[in-house]
Amino acid sequence: MHSLPYIALAAAALAADQWVKHYVTTNLILGGTQALIPGFVELQLVHNYGAAWSSFSGMRWLLVLVTSAIVAAVAYLAARRIVRHPLGLTACALIVSGGLGNIIDRVRLGYVVDMFNFQFMRYPVFNVADICVVTGAILAAIYYLWFYEAHDKQERPHGKDHA
């Protein structure tokens with residue numbers, strides 16, 4: 001089946017996200033840290049009640065609704081084979097898995113569990129789901145700019161056809 005590798009990718013990414021979140025919530029106290037790559041990145045347990053950079057903080061159900069709509073739209077593009085190129089399907093799988101990972105947290109906990117903290121610069125703490133969404137969005141942009149036109153675009157007739 002053509003879509004099986006992308007479903008497997010999405011499932012594996014979602015499982016990794018949930019496993020890492022479980023690991024940090026059972027091994028760290030809120031705000032606590034553990035070195036991952038010393039001097040580069042550490043695990044730090046953070047509860048994020050908003051979206052990126054804590055924007056829309058406290059708007060849990062709005063974030064669930066908007067994220068669900070985006071996940072549904074991206075899944076629709078893949079399921080209806082509007083996106084067929086492997087790069088586009090990989091982007092879809094990553095965006096769907098990342099969106100679902102953060103939706104699960106928001107519905108179940110009321111916040112998103114974040115854990116990766118860069119030690120060499122000031123950057124918001126993030127999680128595996130965020131990595132999936134950002135990577136998927138970058139791949140989607142590359143797909144759209146360089147592959148969509150040649151591989152997936154379907155020509156639509158312009159105006160009325162005069163036989």
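So, one term before we start: a residue is buried if its relative accessible area is under 20%, exposed if over 50%, and partly exposed in between, using a 1.4 Å probe and protein chains only. Quick caveat: this is a predicted model, where local features need pLDDT of at least 70 and side-chain atom pairs count only at pLDDT 80 or more, while totals for chains, interfaces and linings use all residues. Residues are numbered from 1 along each chain as its sequence is written, and side-chain values use heavy atoms, leaving out hydrogens and water.

Okay, strand 2, residues 41-48. Six of its eight residues are buried, which makes the strand mostly covered. Helices here are DSSP runs of H or I with at least four residues, strands are E runs of at least two, and both are numbered from the N terminus.

Who does strand 2 pair with? Pairing takes at least two DSSP bridges. Strand 1, residues 33-37, runs antiparallel to strand 2 with four bridges, and Q34 is bridged to L43. Strand 3, residues 112-118, is also antiparallel to strand 2, with six bridges; there L43 sits opposite F116. In the hairpin of strands 1 and 2, three residues lie between the strands, and G39 has a positive phi near 80 degrees.

Now over to L9, in helix 1, residues 4-27. Beyond its neighbours within four places in sequence, L9 is in contact (heavy atoms within 4.5 Å) with T90, A93 and L94. L9 and L94 are 85 residues apart in sequence, yet their C-alphas are 7.5 Å apart. Even so, L9 is partly exposed, at 31% relative accessible area.
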